[in-house]
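Could you walk me through this model in my viewer, one selection at a time? I would like to know what to pick next and what is there.

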Amino acid sequence: MKKVDMIVKAPFFYTMQGEGVGFKSGVAMVVDGSKIMDFVPLDRVDKEYEAEEVLDMSHHAIFPGFIDAHMHTPDNIFRGLAQDTNSWMMYGLQPFSNAGRKEERVAAGRLAIVEAIKAGTTTLGDYHQGMDETCAFIDKTGARGNITQLIRAAKQRVYKTGELYEFVDEDGEKSLNENIELFEKWHNKNGRMRILFGPQGADFVSPELLLKIQKAAKERNTKIHMHVQQGDRETYQIVERYGKRPTEFLDDLGYLDSTLIAVHLTDCNDEEAALIAKRGAGMIVNPASIGIIDGIVCPSMAFQNAGGNVALGSDQAPGNNCHNIIHEMKNVCLFNKIKYGNPEVMPAWRALRMATIEGAKAVGVDDIVGSLEPGKQADFIAVDLDTTSMMPVYTYPMRNIVPNLVYSARGREVVLSVVAGKVIMRDQKLLNVDEQQLIEEVKKYPAEVGKRAAKEFFEIHGTNAQFMEEDKL
């Protein structure tokens, strides 16, 4: 009898192997070290293996841990402050963003990471400035990071509609050097952290800096995680500066290749999205965020139809209000059904693949996660089927577990999260951090942030300022 670290027993496994969901039943999953060893028939596993820990998940379904490919967790300090407004970035978020302080962002970002993990995310694609503290916290939770340091040369201020961004080249160089420092400190640390390079967008840095970033990423065999054609505001900036739409501009620059992870594509038409896919880039779609911010369904299906892989992201709490990939699975299905007027497009199983194996391929981590198969990291979650949102459970003539997960679940159904063979969350409680302490810290900040933001908020007099005056908030 072979000794191993862990045996996982459950009635249903969704491995995501093959072209579908890789359903398995009547088996146990064997884990040793940080990796999956094998799937063994349930009636044989105890005869062949002796485990230090046996997870008996008798009324659960096991899935690969979800990948939240694009997050701005430090913006969690501004949750709920920039919805229902045009010019979201400048007139919605910016007054609060200008008022936020580093310690406030860091504290709120930790709470956003906890929120994501409790809803089944095991790989966090965080993307912001000052990500050293974020890396340290993700490392403490035991989760996996695919982290990007934001690179920006555009001066941080409120710009009027039609005003071109003001570049400060020294700021761009400084943020690139900070990205390199983050890479050197955290990339591949503990086998759970990868560092990407993060120009905020083609409109926020010069072409020269874009190429310098690309060279740095390629030399380090990592990827570029960048907002691409993320709205008509970016299209306007690029057309005014260079006389081309962003996709054409980036293609002419040689930027559309497998090094690039393109986020949003909000203002791309189907032909532009297909071109980016055919060039070998990955895509991240953030359905709830862009739906709220721009009222647009991004062309993720056109990207997939062209052969590209698409991941899901939760983006940021001022525009989405939550970091929950189950929420994004449901929205990507609903929004595309409505967009195309066809209930058969974007079925639940496809959204699940976007949250797991297809998402892993899109962001370059499919060598280690995204599916449950021997040799891969043991990153998985258990969903309790004895919850009101998952019941009743049918297995014949069809299984309803995946549709219920995508269309009905809310996140609390995830009762166990394991990363690299280690339990990091059990019964909605993270094992390595004190959630209540984080909550108490964040509760201290909103009053002061609000005071600092108020003058600019009311001077801009955007939609939400008007709502306040009209007693609608």
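Start by selecting helix H6, residues 207-219, in this predicted model. Colour by burial and you will find Pro 207, Leu 209, Leu 210, Ile 213, Gln 214, Ala 216 and Ala 217 buried. To see what those buried residues pack against, bring up strand E10 (144-151), H5, strand E11 (193-199), strand E12 (224-228), helix H7 (232-242) and helix H8 (246-252). From its first C-alpha to its last, H6 reaches 18 Å over 13 residues, close to the 18 Å expected at 1.5 Å a residue. Step just past the end of H6 and click Asn 221, where phi is positive at about 55 degrees.

Two packed helices are described by the angle between their axes and the distance between the axes. Now show side chains where they meet: Gly 172, Glu 173 and Leu 176 on the H5 side, and Leu 209, Lys 212 and Ile 213 on the H6 side. By class, this H5 to H6 contact has three nonpolar, one polar and two charged residues.

Now jump to strand E16, residues 380-384. Is this strand enclosed or open? Five of its five residues are buried, so E16 is largely enclosed by the rest of the structure. In a regular strand the side chains alternate between the two faces of the sheet. Look along E16 and you will see Phe 380, Ala 382 and Asp 384 pointing one way, with Ile 381 and Val 383 pointing the other.

Another is E17 (residues 414-419), antiparallel to E16 and joined to it by four bridges. Centre on Phe 380 here: Pro 64 stands opposite it, and Val 418 in E17 stands opposite it too.

For the last stop, select E5, E4, E1 and E6, which form an open sheet of four strands in the order E5-E4-E1-E6, with mixed pairing. Strands E5 (35-41) and E6 (49-56) stand at the edges with a single partner strand each, so one side of each is left without a neighbour in the sheet. The twist averages 30 degrees from one strand to the next. Zoom in on E1 (residues 2-9) and E4 (residues 27-32), which run antiparallel and are joined by four bridges. Finish at Val 8, which stands opposite Met 29 in E4.

Key
Residues numbered from 1 in each chain as written. Predicted model: local features only at pLDDT ≥ 70, side-chain atom pairs only at ≥ 80, totals over all residues. Heavy atoms only, no water. Axes fitted to C-alpha atoms, helices over the stretch in contact; angles between N-to-C directions. Helix = DSSP H or I, 4+ residues; strand = E, 2+ residues; numbered from the N terminus. Contact = heavy atoms within 4.5 Å. Nonpolar A, V, L, I, M, F, W, Y, C, P; charged D, E, K, R; others polar. Buried < 20%, exposed > 50% of the residue type's maximum accessible area, 1.4 Å probe, protein only. Pairing = 2+ DSSP bridges. Expected span 1.5 Å × (residues − 1).
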